[in-house]
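Thanks for coming. Please have a look at it first.

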Number of protein chains: 2
Amino acid sequence: MNPPVQVQSSTHRGRPGYSRDDVIDAAVREFNQRGYEATSMGHVASVLGISKSALYHHISSKEEILDSAVTRAQDSLDAVVDEAIASDASAGERIRSLIHGAIAVLCNDQEAVTLLLRLRGNSELEKRALQRRREFTRRVIPLIDAAQASGEVRSDLDTGVLTRLMFGTVNSVIEWYEPGGRLSPDEIARHAVVLLFGGAARD
Amino acid sequence: MNPPVQVQSSTHRGRPGYSRDDVIDAAVREFNQRGYEATSMGHVASVLGISKSALYHHISSKEEILDSAVTRAQDSLDAVVDEAIASDASAGERIRSLIHGAIAVLCNDQEAVTLLLRLRGNSELEKRALQRRREFTRRVIPLIDAAQASGEVRSDLDTGVLTRLMFGTVNSVIEWYEPGGRLSPDEIARHAVVLLFGGAARD
């Protein structure tokens with residue numbers, strides 16, 4: 001997974017030598033700020049301070065950028081689920097690991113995951129990504145089921161709603177996480193696990 | 001607050017007689033699906049099956065639609081906080097009411113709140129709305145502080161992170177709530193309160 005690259009047009013304008021990942025990261029930030037539909041390759045070139053032809057040297061289309069960024073985010077998130085599913089730990093412990101790992105991915109590839117979470121299904125590519133998001137949820141639900149069966153997770157709540165609420169909490173971190181901020185991704189993940197498992201009322 | 005109106009171009013095409021709220025609701029759905037920047041007044045007129053001049057009879061600009069919808073959502077959410085703050089109940093109970101009331105607003109005015117939650121600050125109008133969102137959080141934090149002081153909310157977690165995680169959970173409902181679906185807004189709100197206060201592990 002690629003850490004976010006701090007590209008600012010004011011400091012980088014006119015400097016060549018961007019990698020393909022630099023280009024993708026800068027484009028994704030524009031998509032998130034301006035809206036994917038409303039961002040042109042010209043906007044992306046302008047932010048990077050390069051010509052459109054130089055941009056097309058790296059990347060063939062806006063769709064290719066969207067696809068690369070979203071696939072990168074989904075590969076990282078799937079790796080976290082793969083690991084949780086393959087683990088020998090208890091179901092409850094595996095869900096804790098999953099929450100922790102997903103928050104790490106969200107924080108470390110914040111712009112790409114933001115793009116992923118905002119997809120509306122406006123193209124075949126977006127529809128495939130949404131399908132893969134649903135697949136993620138479908139793989140998580142059996143873990144929650146198992147944790148309910150083992151008594152590690154309360155069984156008086158609807159499994160589907162519980163899963164969506166828990167991952168809603170996880171995903172919401174992306175809205176306010178600030179790289180280099182007061183709390184590290186690890187500390188934020190710890191808060192989320194304590195809140196979601198222990199509850200705000202338990203002291 | 002206005003309930004969502006089911007406008008479909010196939011059934012309404014060519015039918016006049018929309019109210020201003022109908023026009024706003026249809027436009028907001030387009031903004032959410034297509035992106036605000038990428039939606040023109042022509043798109044909105046087309047969805048409603050009316051001419052652009054008929055559309056301008058109801059509303060003077062895209063910005064006016066955005067402003068009306070976002071203001072409506074924020075007025076509803078502020079009313080929920082007003083009520084929680086004014087209540088004589090304990091701090092913990094007031095937070096529970098706030099969570100419950102906020103989820104009701106999210107579900108009942110889903111498209112307008114979705115628009116609100118996706119604002120990026122791309123104009124003065126959007127910046128004012130984001131400022132008002134921050135104000136909402138600033139009014140909630142003292143309630144969490146009070147609940148920590150009274151022992152109703154655990155005090156070993158950072159108040160700011162706890163507040164953001166709790167309202168992240170609340171806001172996430174908007175992503176998957178389906179009007180007329182299996183669970184009512186009231187049942188979803190109950191799940192959220194139980195999860196956030198009691199935790200997934202408590203049975």
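Let us start with His191(B), which touches Leu157(A), Asp158(A), Val161(A), Leu165(A) and Leu183(B), leaving aside residues up to four places away in sequence; contact here means heavy atoms within 4.5 Å. His191(B) sits in helix α10 of chain B, residues 185-198; helices are DSSP runs of H or I with at least four residues, numbered from the N terminus. Is His191(B) buried or exposed? With a relative accessible area of 3%, it is buried. The cut-offs are under 20% for buried, over 50% for exposed and partly exposed in between, using a 1.4 Å probe and protein chains only.

Before I go on, this is a predicted model, in which local features need pLDDT of at least 70 and side-chain atom pairs count only at pLDDT 80 or more, while totals for chains, interfaces and linings use all residues. Residues are numbered from 1 along each chain as its sequence is written, chains are lettered from A and ligands numbered from 1 in the order written, and side-chain values use heavy atoms, without hydrogens and water.

One of the contacts of His191(B), Asp158(A), also forms a salt bridge with Arg182(B), with 2.7 Å between the closest N and O atoms. This pair crosses between chains, from the loop between α8 and α9 of chain A to the loop between α9 and α10 of chain B. A salt bridge needs a side-chain nitrogen of Lys or Arg within 4 Å of a carboxyl oxygen of Asp or Glu. Asp158(A) is partly exposed at 21%, and Arg182(B) is exposed at 65%.

How many salt bridges are there over all chains? The count is 26. Among them, Arg132(A) and Asp78(A) meet at 2.9 Å, N to O. That pair links helix α8 to helix α5 of chain A, 54 residues apart. Asp78(A) is buried at 18%, whereas Arg132(A) is partly exposed at 25%.

Note on methods:
Helices (H or I, at least four residues) and strands (E, at least two) are DSSP runs, numbered from the N terminus.
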